[in-house]
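Dear colleague,

Here is the structure I said I would hand over. My notes on it follow below.

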Amino acid sequence: MITEQQKQEVAEMYQGEVYGEAFYCALLPLFDSPLQQHLIASLLQLETENKARLRQIVYEHGGDISESDQSREEARGFIREVEHMSWTEATAYMVAASVEFQDRYREIVKTAPDVFKPVLNYMIEHEDLIIAAMRLASEGEDEKAIDLVADQLMLPLPKPAAF
Ligand SMILES: [Fe+2]
């Protein structure tokens with residue numbers, strides 16, 4: 001038996017990916033070196049893939065798959081906090097913000113029904129990965145960060161011709 005609260009928690013994670021997509025879209029115009037662009041674009045791709053993964057279970061259990069404008073607005077609000085930062089500062093700041101998401105996801109997975117666990121555990125691994133990639137980027141290791149993200153993608157982004 002899946003409770004209403006458990007369904008809402010999965011829907012909350014789904015909206016978290018909507019937030020993530022809006023966040024990386026808004027980040028794209030702020031950092032323009034080819035490596036920065038490729039990392040941000042790959043993270044955007046990861047959020048999209050994970051949103052699609054969660055959409056399956058939200059839909060299966062009768063939840064609302066509409067993408068919330070509020071999630072997008074919150075993401076744009078967060079962007080205003082990083083828009084004047086250097087790449088190093090912004091990526092370090094994003095590590096801290098992702099840790100908060102991850103704490104919430106870990107809380108949700110604890111009481112989730114078994115049927116949700118494979119996807120939810122995957123989501124936690126994905127947050128771990130974003131944190132590791134952002135940490136590498138904040139240490140000047142953009143290429144390693146890109147590889148880490150690209151390895152997780154079902155549809156990795158090809159390197160642009162100008163690379
Ligand atoms: Fe995410």
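Which residues of the largest nonpolar core touch the most other members? This is a predicted model, and in it the answer is V10, M13, L39, L43, A133, A145 and V149, out of the 35 residues in that core. Two or more core residues come from each of α1, α2, α3 (69-82), α4 (87-110), α5 (117-138) and α6 (142-150). Helix α1 gives the largest share, 9 residues. As a general point, nonpolar side chains in soluble globular proteins tend to be buried together.

Helix α1 against α2

Helix α1 covers residues 4-27 and helix α2 covers residues 34-60; their axes come within 9 Å and cross at roughly 160°. Angles over 145 degrees count as roughly antiparallel, and α1 and α2 are therefore roughly antiparallel to each other. The crossing of α1 past α2 is left-handed. On the α1 side, the contact is made by V10, A11, M13, Y14, E17, V18, G20, E21, Y24, C25 and L27. On the α2 side, I40, L43, L44, E47, T48, N50, K51, L54, R55, I57 and V58 take part. By class, the residues of this contact are 14 nonpolar, 3 polar and 5 charged.

L43 belongs both to this contact and to the core residues that touch the most other members. Apart from neighbours within four places in sequence, L43 is in contact with Y24, I130 and V149.

Helix α2 against α6

Here the axes are 9 Å apart and the packing angle is about 20°. Since angles under 35 degrees count as roughly parallel, α2 and α6 are roughly parallel to each other. This crossing, too, is left-handed. From α2, the residues L35, Q36, H38, L39, S42, L43 and L46 meet D142, E143, A145, I146, V149 and A150 of α6. The contact of α2 with α6 divides into 8 nonpolar, 3 polar and 2 charged residues.

Leaving out neighbours within four places in sequence, Q36 is in contact with F31, W87 and D142. The C-alpha atoms of Q36 and I146 are separated by 8.9 Å, although the two residues are 110 apart along the chain.

R53 is also in helix α2. With 18 C-beta neighbours inside 10 Å, R53 counts as partly exposed. Its C-alpha atom is 9.3 Å from that of M123, and R53 and M123 are 70 residues apart in sequence.

Helix α5 against α6

What is the angle at which α5 and α6 pack? The angle is about 165°, with the axes 7 Å apart. That makes α5 roughly antiparallel to α6. Helix α5 passes α6 in a left-handed crossing. The contact is made by L129, A132, A133, L136 and A137 of α5 together with D142, K144, A145, L148 and V149 of α6. By class, the contact of α5 with α6 holds 8 nonpolar, no polar and 2 charged residues.

Regards

Terms used. Residues are numbered from 1 along each chain as its sequence is written. This is a predicted model: local features need pLDDT of at least 70, side-chain atom pairs count only at pLDDT 80 or more; totals for chains, interfaces and linings use all residues. Axes are lines fitted to C-alpha atoms, for helices over the stretch in contact, and angles run from 0 to 180 degrees between N-to-C directions. Helices (H or I, at least four residues) and strands (E, at least two) are DSSP runs, numbered from the N terminus. Angles under 35 degrees count as roughly parallel, over 145 as roughly antiparallel, 65 to 115 as roughly perpendicular and the rest as oblique. A crossing is left-handed if the near helix is turned anticlockwise from the far one by less than a right angle, and right-handed if clockwise. Two residues are in contact if their C-beta atoms, placed from the backbone, lie within 7 Å. Ala, Val, Leu, Ile, Met, Phe, Trp, Tyr, Cys and Pro count as nonpolar, Asp, Glu, Lys and Arg as charged, and the others, Gly among them, as polar. A nonpolar core is a set of buried Ala, Val, Leu, Ile, Met, Phe, Trp, Tyr and Cys residues joined through C-beta atoms within 7 Å. A residue is buried if 20 or more other C-beta atoms lie within 10 Å of its own, exposed if 12 or fewer, and partly exposed in between; C-beta atoms are placed from the backbone.
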